[in-house]
Amino acid sequence: MKKNDTITLKIEDIGINGEGIGKFEGFTFFVKDAVVGDVIEGKIMKMKKNYGYARLMQVLSPSPARGTPRCAYARQCGGCQLQAMDYEAQLAFKAKKIQDHLVRIGGFSHMERPQILGMDEPWRYRNKAQFPVGTDGDGRIVAGFYAVHSHRIIPCEECWLGVEENKTILYKIRKHMEKHGITAYNETTGRGLVRHVLIRKGFVTGELMVCLVLNGRKFAAVEELAESLRGISGMTSILISVNRENTNVILGRELIPVWGQTYITDQIGDITYRISPLSFYQVNPVQTRKLYEKALEYADLKGEETVWDLYCGIGTISLFLARKAGQVYGVEIVPEAVEDAQKNAQINGIENARFFAGKAEEVLPRLYEEEGIRADVIVVDPPRKGCDPAALQTMVKMRPERIVYISCDSATLARDLKYLCGEGYEVMGVTGCDMFPWTVHVETVALLTRKAP
Ligand code: SAH
């Protein structure tokens, strides 16, 4: 067997990144876009010692779980890995992924497959989109998305995960750039002006924000563009973000207001949130509400508790819990997000929430040593790499009755739960929440309670 050979495979399993897995003459092959139950014809792209990668050439016999991708770019784009799989099958895959991580990495051998909170209508769920802007081979301005594992821009202004306004906004910006000879940024040379367009929408309020990410500060006839964008219903905020660095980080630190507010507002449940461009805000508000309600149920608040919310962003969970708790404290590393959190407490008339800017692994130990802070419940919602050991150690020292762990990576969740269970806690519940339909990603919320001494 060698590169470019054609093989026939029955797909029997699914990998952690959503790829189909089949066996041929004792070798395991990974095939992107193949679904468990398919019989496919594949072309070998790469051979290793006892496994290989094949490209899906033809589906000879489709799996019952195979669906027709809605998006014409599904296979080229790095965004949706599971568009060939029907929605129920995706949910089952995600439940199994969480279970596998908890068993393999966490050592929870009796862990059952968790319940997954799915979406009724799993399209157009993203409230945020970041489109890279570039120039094609013919010198035309293009906006779209990066092809898998590359920074080649595939022109596409219509993404089925994003809001319908994205298309109109990108069209207006592209036409404006053509009219005024405004250049797109080139990553290789570091020249050119427009790098990205960031669009955010408040799903409940309908408010829209457009942020032009520029390799510079000046944008020709910006008033004219603003005037045109204001014609789109819901537009409340137009900004420039200055990013002159040679980096993959999309937004720069300097923001220049062009028109309207410098933030948008949105609501989850009965709480109103104000969101700045630099602040993290969950991208799927419909599912976020379900996730937070599960977190609230796990927190089991009676009204007097002291709650810590680590990695709190703009205070979304903190404020969601504040009305049911005695006192809530949030910790967040991005100073702009902490300002948003403070403002958000004010807007909602919530007086029992306080926020600290800094790293959870530094702020929490310091406050514990210096002020002897305590907690009845600790909620954590860290980025993919999970909690820092110093944060986990202090959490254990604080001896909260309950820990509610929200995670966007079940592998690091499993690692951290293993640690906490070695330090006197036990896992009492695990629920998955499908925040990102058609992708391999899944959010998990777990409840730990302190074992009686
Ligand atoms: N709980 C919030 C945000 C979760 S995302 C919500 O549901 O909206 C994770 C957050 O952790 C981000 O806001 C990120 O800025 C923040 N963060 C990342 N590393 C951190 C650290 N070491 N200490 C504190 N916050 C951190």
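Visitor: Where is the place of Tyr311?

Guide: Quick ground rules: this is a predicted model, where local features need pLDDT of at least 70, side-chain atom pairs count only at pLDDT 80 or more, and totals for chains, interfaces and linings use all residues. Residues are numbered from 1 along each chain as its sequence is written, and side-chain values use heavy atoms, with hydrogens and water left out. Helices (H or I, at least four residues) and strands (E, at least two) are DSSP runs numbered from the N terminus. On that basis, Tyr311 sits in the loop between S16 and H5.

Visitor: Is Tyr311 buried or exposed?

Guide: Buried means under 20% relative accessible area, exposed over 50%, and partly exposed in between (1.4 Å probe, protein chains only). Tyr311 comes out at 17% relative accessibility, so it counts as buried.

Visitor: What is phi of Tyr311 near?

Guide: Most residues other than glycine have a negative phi. Tyr311 is not a glycine, yet its phi is positive, near 65°.

Visitor: Which loop holds Arg399, and what is its phi?

Guide: Arg399 lies in the loop between H8 and strand S20 (402-407). With 47% relative accessibility, Arg399 counts as partly exposed. Although Arg399 is not a glycine, its phi is positive, about 50°.

Visitor: How far is a polar side-chain atom of Thr316 from an oxygen atom of the ligand?

Guide: A polar contact is a pair of N or O atoms within 3.5 Å. Nitrogen atoms of the ligand take part too: one is 3.1 Å from an N or O atom in the Glu361 side chain, and one is 3.0 Å from a polar side-chain atom of Asp381. For Thr316 and the ligand oxygen, the distance is 2.8 Å.

Visitor: How much of the ligand's accessible area does the protein cover?

Guide: Accessible areas come from the Shrake-Rupley method with a 1.4 Å probe. On its own, the ligand has 570 Å², and the protein covers 90%.

Visitor: What do the buried residues of H7 pack against?

Guide: Those buried residues are Ala360, Val363, Leu364, Pro365 and Leu367. They pack against strand S16 (306-310), strand S17 (327-332), strand S18 (353-357) and helix H8 (389-398).

Visitor: Which residues is Met435 in contact with, beyond its neighbours within four places in sequence?

Guide: Met435 is in the loop between strand S21 (425-433) and strand S22 (443-450), and it is buried, with a relative accessible area of 1%. Tyr125 is 310 residues away in sequence, but 8.6 Å away in space, C-alpha to C-alpha. Contact means heavy atoms within 4.5 Å. Met435's partners are Tyr125, Gln282, Asn284, Gln287, Thr288, Leu291 and Glu443.

Definitions and conventions. Polar contact = N/O pair within 3.5 Å; in protein donor to acceptor, adjacent residues only side chain to side chain.
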